[in-house]
Amino acid sequence: MTLEAERNAVVEHAPELARLTPGRTGNLSVRRGDRFAVTPTGVAYDAFDCDDVPVVDLDGERVAGAMKPSSEVPMHRHIYRGHADEPGAIVHTHSPMSTAMAVLREPLPPIHYMIVAVGKRVPVAEYAPYGTEELAANVVAALEGAESTACFIENHGLVVVADDIETALENTHHVESLAELYLRARSIGEPVELLEAELDTAIEQFEGYGQ
C-alpha cells in the first residue's frame, strides 16, 4: 500500500500551510487504513514531490518516502489511533491568533455559531515538548474530553482533525478566524457566549447545510 493518492494530496495541500504558519513549522497528514502520508520534516512546503512524501504506519515506522517524516509523527499517530471519529486527515499549525490563544492557555468559547464546525469550544491541551509521546497523549485527551475536532496546545499551536484534508484545512481557517475575532472583541469588552441551546440549533442547521 503506497498511498499514492494520499501522498499527492500532501503535495497539493502542503503549500496552504504557508498561509497559516511561519517558516516550516506546520505539518499535515492524510490517512488510509493503518498508514498515513505526512509532510517531511524541515522542508519548505513546495520543495518536495510525491516520491519524497513519507508514509508512516500507526506504530510510527516509515514504510515509504525518500524524506524523513515530520517530528510530530507521534501526535498524528496517536490521534489516528485514539480519536473516536477516526479522522482521515490532520493539520497542525502555529498560526498567529490560535497560537496567541495557546500562549494565553485559554480555550476558545462559543462566541460565534461557526465554532460548531469543530465542536462547542476549542479546548487546550497541556504543554509537553514537541514531537513527544507525552504531547501526543495530551492532545488526544483534550480533543476527546471536549468532544472537539480542534484544540490548542499550550505555548505551541493548533491541531485540527477531519474526515479529509480539505475539511481539516477549512476548519483550521475557521478556528484561526474565530480566535482573532475573540481576541479583538475581548480587547474592547467582554465577549458574550452562545447558549447551549443556540449551539445545538446551529449543529442541526449545519447537518443540512450545503449542496
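Author: Helices (H or I, at least four residues) and strands (E, at least two) are DSSP runs, numbered from the N terminus. This is a predicted model, in which local features need pLDDT of at least 70 and side-chain atom pairs count only at pLDDT 80 or more, while totals for chains, interfaces and linings use all residues. Residues are numbered from 1 along each chain as its sequence is written, and side-chain values use heavy atoms, with hydrogens and water left out.

Reader: Where does Arg 105 lie, and what is its phi?

Author: Most residues other than glycine have a negative phi. Arg 105 has a positive phi, near 60°, and is not a glycine. Its place is the loop between α3 (96-104) and β6 (124-125). Arg 105 is partly exposed, with a relative accessible area of 43%; that term covers the range between buried (under 20%) and exposed (over 50%), with a 1.4 Å probe and protein chains only.

Reader: Which loop holds Glu 147, and is Glu 147 buried or exposed?

Author: Glu 147 is in the loop between α4 (133-146) and β7 (150-153). Glu 147 is exposed, at a relative accessible area of 71%. Its phi is positive too, about 50°, although Glu 147 is not a glycine.

Reader: How do α3 and α5 pack?

Author: Two packed helices are described by the angle between their axes and the distance between the axes. For α3 and helix α5 (residues 165-188) the angle is about 60° and the axes are 7 Å apart. Axes here are lines fitted to C-alpha atoms, for helices over the stretch in contact, and angles run from 0 to 180 degrees between N-to-C directions. The two helices α3 and α5 are therefore oblique to each other, a word for angles that are not under 35 degrees (roughly parallel), over 145 (roughly antiparallel) or 65 to 115 (roughly perpendicular).

Reader: Which residues of α3 and α5 make the contact?

Author: Contact means heavy atoms within 4.5 Å. On α3 the residues include Pro 96, Met 97, Ser 98 and Leu 104, and on α5 they include Val 175, Glu 176, Ala 179 and Arg 186. By class, the contact of α3 with α5 has 9 nonpolar, 1 polar and 3 charged residues. Nonpolar covers Ala, Val, Leu, Ile, Met, Phe, Trp, Tyr, Cys and Pro; charged covers Asp, Glu, Lys and Arg; the others, Gly among them, are polar.

Reader: What is Ser 98 in contact with?

Author: Ser 98 lies in helix α3 and is buried, with a relative accessible area of 0%. Leaving aside neighbours within four places in sequence, Ser 98 touches Phe 152, Leu 158, Val 175, Glu 176 and Ala 179.

Reader: What is the order of the strands in the sheet?

Author: Strands of a sheet pair through backbone hydrogen bonds, either parallel or antiparallel. Here an open sheet of 8 strands runs β4-β3-β2-β1-β5-β8-β7-β6, with mixed pairing; two strands pair if DSSP finds at least two bridges between them. β4 (62-64) and β6 are at the edges, each with a single partner strand, so one side of each has no neighbour in the sheet.

Reader: How many residues of β5 are buried, and which lie on each side?

Author: In a regular strand the side chains alternate between the two faces of the sheet. In strand β5 (residues 89-93), 5 of its 5 residues are buried. Ala 89, Val 91 and Thr 93 are on one side, Ile 90 and His 92 on the other. β5 runs antiparallel to strand β1 (residues 27-32), joined by 4 bridges, and pairs with β8 in the antiparallel sense over 5 bridges. Thr 93 has Leu 158 in β8 as its bridge partner.
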